[in-house]
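Here are some friendly notes from a colleague to read alongside the coordinates. Please keep the viewer open and follow the points in order.

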Amino acid sequence: MGLGRAFRAMLGRDIRLAVRQRGELAQPLVFFAAVATLFPLALGPEPELLERIAPGIIWVAALLSALLPMDRMFRPDYEDGTLEQMLLSPHPASVLALAKVVAHWLVTGVPVILLAPLVALFLQLPMQALPALLATLALGTPLLSLIGAIGVALTVGLRSGGPLLALLLLPLYVPVLIFAAGAVDRAAAGLPIAGPIYLLAAMLVLALTLAPMAIAASLRISLS
Amino acid sequence: MIPSRAVNMPATESIHTQRDPWLVVEALCCARDDRILFEALGFTLTPGGIVQLEGANGSGKTTLLRAICGLAPIEDGRVSWRGTPREEVLDEFLAALTYLGHIPGVKRDLTPRENLAASRALTTMEPALPPDTAFYRVGLGGLGDTPLRRLSAGQIRRAALARLLVVPTPLWLLDEPLTALDTDGKRMLERLIADHAAAGGMTVISTHHALDLAATPVQRIRLGN
């Protein structure tokens, strides 16, 4: 069968599996909302303060909630042997791995983007910054998934890869955080945001082209 | 003997090339954790051939199967497919093999039918059999739409074996496929392998059990000392 069909079948299978394990699907979403609501509880509900720190809080919460389910991207497949089958396919492993990343982003990243306006309202984010927040999340969360997938692929063969994965990924996530939170900050102050948005878009294009190959190579190392 | 299904081989294959070895393993050496598992291991497989790997636990049967298909690294030696080193014809080689590891490689949250569709999509071949016929032949008749988590270990193994029937690759690499199968399941698998050999297919199988494959000759390779 063709590569396009293989890609769609892999994407469809992973989404179907995620839907059958709904509990896991809700975890990052609840975590995102919980982390974001901790800050007003700890710092006090003054609107001026919250308005000032909301972009940073929302982005840190989004980043942490992306990290939480990251390990699930390849570990279940590693454990039940379907990852081996994927690498033994005559289709390029990089394209099949990309299908898995896309599926993972659709079930963990997109819900966070959809919940973000509510959390933004909660944290008194100025309305004029909402489009910027959604734009940075739309560009940034797939970037987090792509970078994260490389880390997961590298650590999937280790017994306790989770904590190591967080240490590995957090530094790599810093540029995304800086540009994304910065853009929302600028939008809240009424400044133009084209610069950081273009930069995030460029990073996403770069990750989309290069990350699949790095993921496939890392998976081969982990499985050998 | 009339094969019940044709193994996917080019139609131009003439009788004399049928005798040429398709899979050649030469002077293979594999190590794990700085320990050499086996060295100078070699065998050839011609269409219709069966190799049975024997050896104690930890003697490297799984590593050998994984090394042949390219999952485990090779220290020395080489694997050739139809006269060319595997690496040079990797796509063709991968399209021609089915590897069933000792972990079945199926998703417990999916039904046998969904699992089969997922593995079929990973191949480049057209299905040889409709799924229901395959389920019937592996003894899962009527269970095609039951999630695997509600099936027994032996039934999960059978669901994995259905892939061998639906995706008609010439080379089967089977790692302890009898695990969790009952006597009926063992006979079913022996019949699959014998039919596969009769249709010109090749099998490398690791198992401790004596295989009853009717008249089909089996090369036995013993790993470890």
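The points below go from the interface to the salt bridges and then to a sheet.

1. A word on the source before anything else: this is a predicted model. Please read each distance and area below as a value computed from that predicted model.

2. Let us start where the two chains meet. On the chain B side, 27 residues are in contact with 27 residues of chain A. Between them, chain B and chain A bury about 2,400 Å², and carbon and sulfur atoms account for 59% of that area.

3. Next come the polar features of the interface. Five salt bridges are counted between chain B and chain A, and 13 residue pairs are in polar contact across the interface, both residues being at pLDDT 80 or more. Which parts of chain B give two or more residues to the side that touches chain A? They are the helices α2 (61–69), α3 (90–96) and α4 (112–121), together with strand β6 (97–100), of chain B. Of these, α4(B) gives the most, with four residues. By class, the side of chain B that touches chain A has 16 nonpolar, seven charged and four polar residues.

4. The side chains of B:Lys107 and A:Asp80 form a salt bridge, with N to O at 2.9 Å. Both residues belong to a network of salt bridges that also links A:Arg13, A:Asp14, A:Asp77 and A:Lys100.

5. Elsewhere in chain A, A:Glu24 and A:Arg72 form a salt bridge whose closest N and O atoms are 2.9 Å apart. A:Glu24 sits in helix α2 (residues 22–43) of chain A, and A:Arg72 in the loop between α3 (47–67) and α4 (75–80) of chain A, so the pair ties together parts that are 48 residues apart in sequence. A:Glu24 counts as partly exposed at 32% relative accessibility, and A:Arg72 does too at 42%.

6. In the salt bridge between B:Asp195 and B:Arg137, the closest N and O atoms are 3.5 Å apart. Because B:Asp195 lies in helix α7 (residues 183–198) and B:Arg137 in helix α5 (residues 131–137) of chain B, this pair ties together parts that are 58 residues apart in sequence. B:Asp195 is partly exposed, at 24% relative accessibility, and B:Arg137 is partly exposed at 25%. Over all chains, the whole structure holds 22 salt bridges.

7. Finally, the sheet in chain B. Four strands form an open sheet in the order β2-β1-β4-β5 (chain B), with antiparallel pairing. Which strands are at the edges? They are β2 (35–45) and β5 (84–85) of chain B, each pairing on one side only. Strand β4 (residues 76–81) of chain B runs antiparallel to β5(B), and two bridges join them. At this pairing, B:Trp81 stands opposite B:Thr84 in β5(B).

Conventions: Residues are numbered from 1 along each chain as its sequence is written. Chains are lettered from A and ligands numbered from 1 in the order in which they are written. This is a predicted model: local features need pLDDT of at least 70, side-chain atom pairs count only at pLDDT 80 or more; totals for chains, interfaces and linings use all residues. Side-chain values use heavy atoms; hydrogens and water are left out. Contact means heavy atoms within 4.5 Å. Buried area is the accessible area (1.4 Å probe) that two parts lose on being put together, summed over both. A salt bridge is a side-chain nitrogen of Lys or Arg within 4 Å of a carboxyl oxygen of Asp or Glu. A polar contact is a pair of N or O atoms within 3.5 Å; within protein, one must be able to donate a hydrogen and the other to accept it, and residues adjacent in sequence count only if both atoms are side-chain atoms. Ala, Val, Leu, Ile, Met, Phe, Trp, Tyr, Cys and Pro count as nonpolar, Asp, Glu, Lys and Arg as charged, and the others, Gly among them, as polar. Buried means under 20% relative accessible area, exposed over 50%, partly exposed in between (1.4 Å probe, protein chains only). Two strands pair if DSSP finds at least two bridges between them.
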